[in-house]
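Me: Can we go through this one piece by piece? I have the sequence and the model open.

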Amino acid sequence: MLAEGITEGKKILLIDRAPKNINDRTWCFWENTPGFFEPIVYKQWNRLWFHADEFSKQFDIAPYHYKMIRGIDFYNYCFKKIQQQPGIDILYGEISDLSFLEGSLHVKIDDQPYIFSNAIVFNSVGVEKSMRQPGKIHLLQHFKGWIIETAKPCFKTGEATLMDFRVPQTNGTTFVYVLPLSPNKALVEYTLFSEKILADEVYNIGLEHYLAQHLQLIDYTVSEEEFGVIPMTNARFPWYANGMYHIGTAGGQTKASSGYTFAFIQTQSDAIIMHIKDGTLSPDIKPGAVSKRFDFYDAVLLQVLAGKYATGSKVFTSLFKNNSPQSIFAFLDNKSALAADLSLIRTLPAWPFLKAAYKQITGA
């Protein structure tokens with residue numbers, strides 16, 4: 001959470017749960033131009049594999065690069081920038097209560113009450129509450145990743161696996177991605193799209209099975225692990241509500257059909273900064289808003305998956321088998337033209353998507 005204009009001196013207060021001093025996650029995304037965080041990109045690839053039982057292919061994704069940023073590098077980079085700016089304070093603690101009354105923010109942090117008057121508030125928490133919307137689709141993207149190290153060189157560092165569906169689909173849409181960090185080191189992530197998270201041992205078994213069967217690896221060590229849950233929903237997240245501007249996942253910046261968030265947050269942040277600079281920040285103007293047709297596309301795919309009209313493996317195999325990665329990335333970035341969208345959509349299983357589109361339009 002960030003509150004601006006808390007005092008007459010226009011100070012900025014950043015409220016976070018705890019100091020960020022461990023490498024607890026990674027962010028992966030594609031870009032075709034260097035972005036703001038290019039200095040801390042830990043690794044990038046320009047060749048990606050897609051695997052399924054009936055189709056495998058390596059793609060050259062130029063001019064795109066698939067990039068990884070480690071959590072610890074991101075935290076250090078951002079807080080170094082923050083420390084170089086005057087007038088920014090940081091308060092650590094657990095937020096237990098939050099309300100906006102008569103122009104003032106009332107918040108409890110570690111059970112200590114605070115009142116901030118005349119504040120502009122940007123909120124990035126409370127995602128679970130925003131998701132509880134009746135009549136909407138609520139899936140989760142959940143994943144567990146291991147950074148493994150091997151005694152002998154096992155990985156080609158110039159190529160990565162974006163999606164590998166050659167794993168059991170018992171618990172929903174399931175795939176693995178593999179991001180080599182060196183010839184002896186890689187991040188291997190077991191990922192699912194489903195309604196509920198699984199017992200921890202299920203992810204472990206999935207990772208062990210994949211490493212043994214598809215990478216022929218038994219002798220390795222796990223040096224780091226991560227776990228995450230991302231909402232995949234067509235619920236509408238507010239830009240402005242309860243006296244606060246909502247940003248990040250809480251503000252609807254997670255792509256409902258893919259779970260990708262990092263790049264969308266940067267786009268929204270850039271737009272917010274421009275509005276602040278020119279004095280046009282307003283509850284009525286949503287920075288970074290995109291065409292509603294992309295929301296519709298996302299809702300249709302979620303309906304296909306939630307309704308089990310087609311398996312995720314079949315959908316993504318059709319997508320990658322019949323389209324270039326460049327056109328897929330533009331589509332998933334909400335940057336493709338309508339004609340390109342229609343061309344791509346025609347390559348997907350027709351009946352499941354028509355059925356899902358009809359349900360989204362009519363509610364029947």
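Me: What follows α7, and what is its phi like?
Reply: Asparagine 334 follows α7, and its phi is positive, near 60°. Keep in mind that this is a predicted model.

Me: And α7 itself, how many of its residues are buried?
Reply: Six of the eight residues in helix α7 (residues 325-332) are buried, so the helix is largely enclosed by the rest of the structure.

Me: Which ones?
Reply: The buried residues in α7 are Pro325, Ile328, Phe329, Ala330, Phe331 and Leu332.

Me: Switching to the sheet. What is the strand order?
Reply: The order is β6-β5-β14-β15-β16-β13-β17, seven strands in an open sheet with mixed pairing. The edge strands, β6 (55-60) and β17 (221-233), each pair on one side only. From one strand to the next the twist averages 15°.

Me: Which helix packs on it?
Reply: Helix α6 (residues 312-322) does, touching β5 (47-52), β6, β14, β15 and β16 (185-194). The direction of α6 makes about 135° with that of β5.

Me: β14 and β15, parallel or antiparallel?
Reply: Strand β14 (residues 159-164) and strand β15 (residues 173-182) pair in the antiparallel sense, over two bridges. Aspartate 164 stands opposite valine 176 in β15.

Me: Last topic, α5 and α9. At what angle do they pack?
Reply: Helix α5 (residues 292-306) and helix α9 (residues 350-362) pack at about 115°, with axes 8 Å apart. Their crossing is right-handed.

Me: What sort of residues make the contact?
Reply: Ten are nonpolar, two polar and one charged. Among them are Phe296 and Leu301 of α5, and Phe353, Lys359 and Ile361 of α9.

How values were computed
Residues are numbered from 1 along each chain as its sequence is written. This is a predicted model: local features need pLDDT of at least 70, side-chain atom pairs count only at pLDDT 80 or more; totals for chains, interfaces and linings use all residues. Side-chain values use heavy atoms; hydrogens and water are left out. Axes are lines fitted to C-alpha atoms, for helices over the stretch in contact, and angles run from 0 to 180 degrees between N-to-C directions. Helices (H or I, at least four residues) and strands (E, at least two) are DSSP runs, numbered from the N terminus. A crossing is left-handed if the near helix is turned anticlockwise from the far one by less than a right angle, and right-handed if clockwise. Contact means heavy atoms within 4.5 Å. Ala, Val, Leu, Ile, Met, Phe, Trp, Tyr, Cys and Pro count as nonpolar, Asp, Glu, Lys and Arg as charged, and the others, Gly among them, as polar. Buried means under 20% relative accessible area, exposed over 50%, partly exposed in between (1.4 Å probe, protein chains only). Two strands pair if DSSP finds at least two bridges between them.
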